[in-house]
Amino acid sequence: MPLVLNEALSNLRPSGIRRFSALAQATSGCISLTLGEPGEDTPADVCAKVREGLAAGETHYPPNNGMPALRGAISEHMGRRGVAFEPDEVVVTSGATEALFAALQAMLNPEDEVIVPMPAFLLYESIVTLCRARVVPLDTSGAGYQIEADVLAAAVTPRTKAIVITSPNNPTGCVLSAESLDAVAELAAERDFYVICDDVYDQLVYVDGYQGFAQRHPELRDRTVVVNSFSKPYAMTGWRLGWLAADAPLVAEIAKVHQYAVSSAVAFTQRAAAFALSTDVSVFRERYRTRCDLVVRALSATGLPTPEPAGAFYAFPSIEEFGLSSEEFCVRAIEEAGVALVPGSLFGGEGHVRLSYACSDEDLEEALARLGRFVGELRRG
Ligand SMILES: Cc1ncc(COP(=O)(O)O)c(C=O)c1O
């Protein structure tokens, strides 16, 4: 008998973002604006705490859900931002990736549906597919990347188990408005589904008055899962540390998945992560804000329509006028202009490309100049 693997895997493709990054790396002199990761190293004072952790003998299995000090620091950090979860309602995970995996795995039965406003980070669809459930894409492109109550209502079925919302968004950089959050809240309450808030960019916001879902709708805490990460605001992508928070009965179920998948996050990095939460990320944020302005100005001068990014470190210009698929545009940009972007099709946003400005200022300026020349040549035919 032939050996058979999990059939859900046949519907999964390796990360397209990595594919384009690899193509950029293999092209001499190419500047890559593909990866969503801070170019900076983790600040030295945070790294120093790892040595402390090792010296203190934190080399043993930690509690499954994380060291009490870190869970306490996370609970306080969320509390300062107006989101109330007790330390016991927090699980320290291997990045937001594992938090999303554990939450969805805990919720989904085969054939369940998860609504994902598009464009979106592709990870959600891959996890849902592995759970043998189904993503129901919600096109937000006609509504300035906001969630409209009637459009959302039309997507809800008796099989709807959850919605995943990302604000600020990857790949658009857009922040969900109060109306969008209210539309989600109203339907989640009325039609009984979970709300998974992927808040990994919530400290990288460049507009006033930002509110996350959990902050605005504490009355729905029994069906809300907040996912967050040390990766982006603290330049800690390689540490693979994040967390999730949810109401005690729900978190107890999600924690079972976490326990059997990874047992616990690494022990000796957890005191450093707690310290990171006490540091001021405004230096990073202001740096990204400056780059964001630069990108918006350059793309507008180039004549590429771009939704105004309000956070994260992405811009998502339209390339529809060229009549190329976003994959073709990106391959040609690498080969002909030496600048690497990510096709919007990988996020369910064909007709656009994603540009990450989490790189150095020099690279960004040169890449934008190259992109401008490339677009000019395309227009000249
Ligand atoms: C929206 C979003 N969620 C989750 C992640 C994964 O983050 P982590 O590094 O914490 O696994 C990313 C990484 O790019 C992301 O953009």
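Guide: The C-alpha centres of domain 1 and domain 2 lie 25 Å apart. Domain 1 consists of residues 7-42 + 281-380, and domain 2 of residues 44-277; such bounds come from an automatic or database domain assignment. This is a predicted model, in which local features need pLDDT of at least 70 and side-chain atom pairs count only at pLDDT 80 or more, while totals for chains, interfaces and linings use all residues. Numbering runs from 1 along each chain as its sequence is written, and side-chain values use heavy atoms, with hydrogens and water left out.

Where the domains meet, 34 residues of domain 1 are in contact (heavy atoms within 4.5 Å) with 35 residues of domain 2. The size of an interface is often given as the accessible area lost when the parts come together. Here the buried area is about 2800 Å², with 63% of it on carbon and sulfur atoms; this is the accessible area (1.4 Å probe) that the two parts lose on being put together, summed over both. On the domain 1 side, T42, A310 and F347 lose the most area to domain 2, together 23% of what that side buries. Between domain 1 and domain 2 the count of salt bridges is zero, a salt bridge being a side-chain nitrogen of Lys or Arg within 4 Å of a carboxyl oxygen of Asp or Glu.

The nonpolar side chains come next. In soluble globular proteins, nonpolar side chains tend to be buried together. A nonpolar core is a set of buried Ala, Val, Leu, Ile, Met, Phe, Trp, Tyr and Cys residues joined through side-chain atoms within 4.5 Å; buried means under 20% relative accessible area, exposed over 50%, and partly exposed in between (1.4 Å probe, protein chains only). The largest such core has 75 residues, of which I196, V225 and F329 touch the most other members. Because domain 1 and domain 2 both give residues to this core, it lies between them. Another core, of 26 residues, lies apart from the largest one and has L70, M78, F85 and V226 among its members.

One joins the side chains of E89 and R221, at 2.9 Å from N to O. This pair links distant parts of the chain, 132 residues apart: E89 sits in the loop between helix 3 (68-80) and strand 2 (90-93), R221 in the loop between helix 8 (213-216) and strand 7 (224-229). Helices (H or I, at least four residues) and strands (E, at least two) are DSSP runs, numbered from the N terminus. E89 counts as buried because its relative accessibility is 7%, whereas R221, at 26%, counts as partly exposed.

D222 and R223 form a further salt bridge, at 3.5 Å from N to O. D222 is partly exposed at 38%, and R223 is buried at 15%. E253 and K256 also pair, at 3.0 Å; both lie in helix 9 (residues 248-262), three residues apart, about one turn of the helix. Elsewhere, salt bridges that share partners join E40, R287, R291 and D361 into one network.

Some backbone details remain. Most residues other than glycine have a negative phi, and most peptide bonds are trans. A cis peptide bond joins S167 and P168, with omega about -5 degrees, and another cis bond joins N170 and P171, with omega about 25 degrees. P168 is in the loop between strand 5 (160-166) and helix 7 (178-191), and P171 lies in the loop between strand 5 and helix 7. E111, which is not a glycine, has a positive phi of about 80 degrees; its place is the loop between helix 4 and strand 3 (113-118), and at 53% relative accessibility E111 counts as exposed. A235 also has a positive phi, near 55 degrees, in the loop between strand 7 and strand 8 (242-246), but A235 is buried, at 7%.
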